[in-house]
Amino acid sequence: MKIIKTCLSAAISSVLIFSPMAYADKWSDQFPHIKATGDIAGDCSYEKISKKNYKGKTLKINTHAVPVIGQPTALHAEQFAKLTGAKVDVTHTPAGDLYAKAMVPFKAGQAPYDIVFGFSNFINDWRQYLAPVPKKYMNSTEMKDVTKSHVGVSSWDGTMYQYPVDGDRHYLKYRKDVIDNPEMQKKYKADTGKTLKVPTTWKEYGEMAKYFNGWDWDGDGEKEYGSAEVMKKDDLMFAAFFSRSVAYAKNPRTPGGFFFDLETMKPNINNPGFVEALTDWVEATKYVPPGGINFGLGDEIGSFGGGQTLFSFSWDDAFIAAMQDDSPIKNKVGAAPLPGSDKVWNRVSNKWENQYNQAPYIVWGWAVGVAKKSKVQEMAFDYLCFFSNGANHQADLAIGNFGVNPFKNSDFDPQLYINTMGWDADIANSYTKTLKDMEKSKNRVFPLRVRGVFEFTSAVATGTSKALAGQLSPQEALDEVAKEWEAIVSRVGKKNVQEDYAVGVKMEDNKL
Amino acid sequence: MNFKHKYVFLFPGLFVLIGILIFPIIFVVRLSLSGWNSYNGLNFIGLENYVRLFTDDPRFWQSFFRLSFLSVTTVILQYVIGFALAHMVWKDIKFQRFFRVLFLIPMMTTPVIMTVIWRTFFHESLGPVNDILSNFGMSPKWLTDPTLAKITVIIVEVWQWTPFMFLLLLAGLLSLPKEPFLAAAIDGASPIRKFIYVTFPLMAPISIGAIIIRLIEASKIMDTVYVLTSGGPGTSTETSSFYIFIKGLREFQMGYAASMSFTYLIIMIISLTFIAKGLTKLLLKD
């Protein structure tokens, strides 16, 4: 009886979740983007938004260049205009200029754009110029589905300023057809005496990457390499470095700050934990593809997604690119948590603790806000709510270069990927489990979100790139970064940075 | 006509001058005396930015010396190659018009687009250059070795801007008087002696102009570095303008970036004046 009940409830749930897939509706006829699901009921569904009338009004949006986030922005703008009668002007801007393009007019007291796209770590610099998300949208069905950590990333001390449209975290991507291949496992064991498995430490990652570097291990006639990583200076490389650092430097037994000691505001960036991570990273230059030290995010996506490397870690994009229909390695890749380490630095006792440690990095991602000075705030929030409604979100998730990644609880259902994207069940399961486990972890690191955040991250990029290029040793490079961080703290004001940083620490210490 | 009336006719030009030249310079000076960044407004902080620049920012000076090396090297190469090409098509050769147009093509292309193409050429794992060189057992690290990355920047800059030098020098050659060459021919001067004692001295004034114009342009090198290497590996190809761009538009330290820009402008005015004087003395002895 119990089995019958379970089966029945599972069947009903499936019908409820995927019922729109079975029936094309009037909306999917008009908007083929959502043909897989049709409209999905919610406060900002196609049905609900079509009842709004914004004829004669203009919405101005500044977004990223096409395709990443720029393409879905433009697509949903077109749909929104068709549904409401509004005129929507979309401006596309390169990633490096998004901050300044909004910040310069903000500083001058102007709002040339009603909606500005950027990264979630802009929040502290932008929030004074952004309108908080109104209660109406906070209580919407769409918002209630957003995970707690992404509500946190979009908010500042309990007030949401950035509307969640994307969810980002760094995790490990690996070639399942190699790691799970019994022949490869045998060969690896014979040659190294070690077991070939999904790496759980950065040392294992390095050993395997080095072994699989520079030979044709997939038999396609081309050489393959160990790892594709974002190492290009100023091209998000600091985030890759933090991903490698969390295992060694985020100690769950020493709350009170990963980047700084919150009490003293002394930078932790040059402590032995970070230095160990940078030493590993310098070693990694030996197992990346030729030119890998100059790889930006696009190169990393192309390299792993194109089947050139065994491993990769960073945002979802490389994994989604690898799992697209046109990928040569579709259903040959796996997802796993970021590797950990066999030791972790204790910054209180100033000693290494010889025990396994792993920490997820909830990295910053695409974020969007509505200008406080916008005269069409309601329309702007309606657009953002529509952007991330159930139907649009599920359709966007399936397109790798849209840059929209899971941030809703419903995104962690493997059936979504199996049914709508044609993923193998075990891959979909490992992917959703990896993401879900990061949400549950109590040892997470959130991005640095303090005033003048770019000064801090730029210093990290400069210092670490000097180490990767061999200009400085890892310790010298990070000492230089720490010195620069101290100078920035002194310029911004210790109390100001401390006050800002305390908000992030609360999240990391699970107090928010 | 009243004497004062003539000044009325100067106003449009004066307004344009103030609008596009004087005002931006004054604004940059004012900005450089402020701490304008993402967390401060246009507050007055005196000479604080300049003190920081001169006492606590070795990276700016390193990028300046790197820029000096890159610009002087590229301009010398552009001058030598440009002169050789101009000299070649100055003579009556077959397909003269075709070559004159061909040599100008790089200059007519968009620098950013061409740099992206060069970056693809020099891509160490996917680019055609290393693909060909790998047949000879070589795979140079064009963009990831600190020394080679500088050479790559020089190659791209020389390719892109030699045509400009070629154009100026060809115009100079075409305007030279014929008599000195006839006299040299009557005296039986060899082509090399003719070049050393007639062509080169006659071309000296144009050469100085061309070199100075190119030095001014080369000292602003930014797009090539931005697209090709992002200043890396490490900081090995970072130039002053790229560093100012990072501080101003990436880190949003507008006040500090303005102080660097203004300092850089003063240094360039002084150094280019000395270079021009030095070249004049060297090439126009008589």
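Mentor: Two residues are in contact if their C-beta atoms, placed from the backbone, lie within 7 Å. Keep in mind that this is a predicted model.

Trainee: Thanks! Leaving aside neighbours within four places in sequence, which residues is A:Leu278 in contact with?

Mentor: We skip the neighbours within four places in sequence and keep the other contacts of A:Leu278. That leaves A:Phe241, A:Thr464, A:Ala467, A:Pro474, A:Ala477 and A:Leu478.

Trainee: Which residues of the largest nonpolar core touch the most other members, and where does this core lie?

Mentor: The core has 199 residues, and those touching the most other members are A:Ile115, A:Phe241, A:Leu278, A:Tyr383, A:Leu384 and B:Leu169. Residues of this core come from both domain 1 (11–164 + 364–405) and domain 2 (171–258 + 272–338) of chain A, so the core lies between domain 1 and domain 2.

Trainee: Let's turn to chain B. Are H3(B) and H14(B) roughly parallel or roughly perpendicular to each other?

Mentor: Helix H3 (residues 48–56) and helix H14 (residues 254–283) of chain B have axes 9 Å apart and pack at an angle of about 65°. Angles of 65 to 115 degrees count as roughly perpendicular. H3(B) and H14(B) are therefore roughly perpendicular.

Trainee: Which residues of H3(B) make that contact?

Mentor: On the H14(B) side, the contact includes B:Tyr256 and B:Met260. From H3(B) come B:Asn49, B:Tyr50, B:Arg52 and B:Leu53.

Trainee: Which helix gives the largest share of the side of chain A that touches chain B?

Mentor: The contact takes 26 residues from chain A and 25 residues from chain B. On the chain A side, helix H5 (95–107) and helix H21 (453–468) each supply at least two residues. The largest share, 7 residues, comes from H21(A).

Methods: Residues numbered from 1 in each chain as written. Chains lettered and ligands numbered in written order. Predicted model: local features only at pLDDT ≥ 70, side-chain atom pairs only at ≥ 80, totals over all residues. Core = buried A, V, L, I, M, F, W, Y, C linked by C-beta atoms within 7 Å. Buried ≥ 20, exposed ≤ 12 C-beta atoms within 10 Å, placed from the backbone. Domains from an automatic or database assignment. Axes fitted to C-alpha atoms, helices over the stretch in contact; angles between N-to-C directions. Helix = DSSP H or I, 4+ residues; strand = E, 2+ residues; numbered from the N terminus. Parallel < 35°, antiparallel > 145°, perpendicular 65-115°, else oblique.
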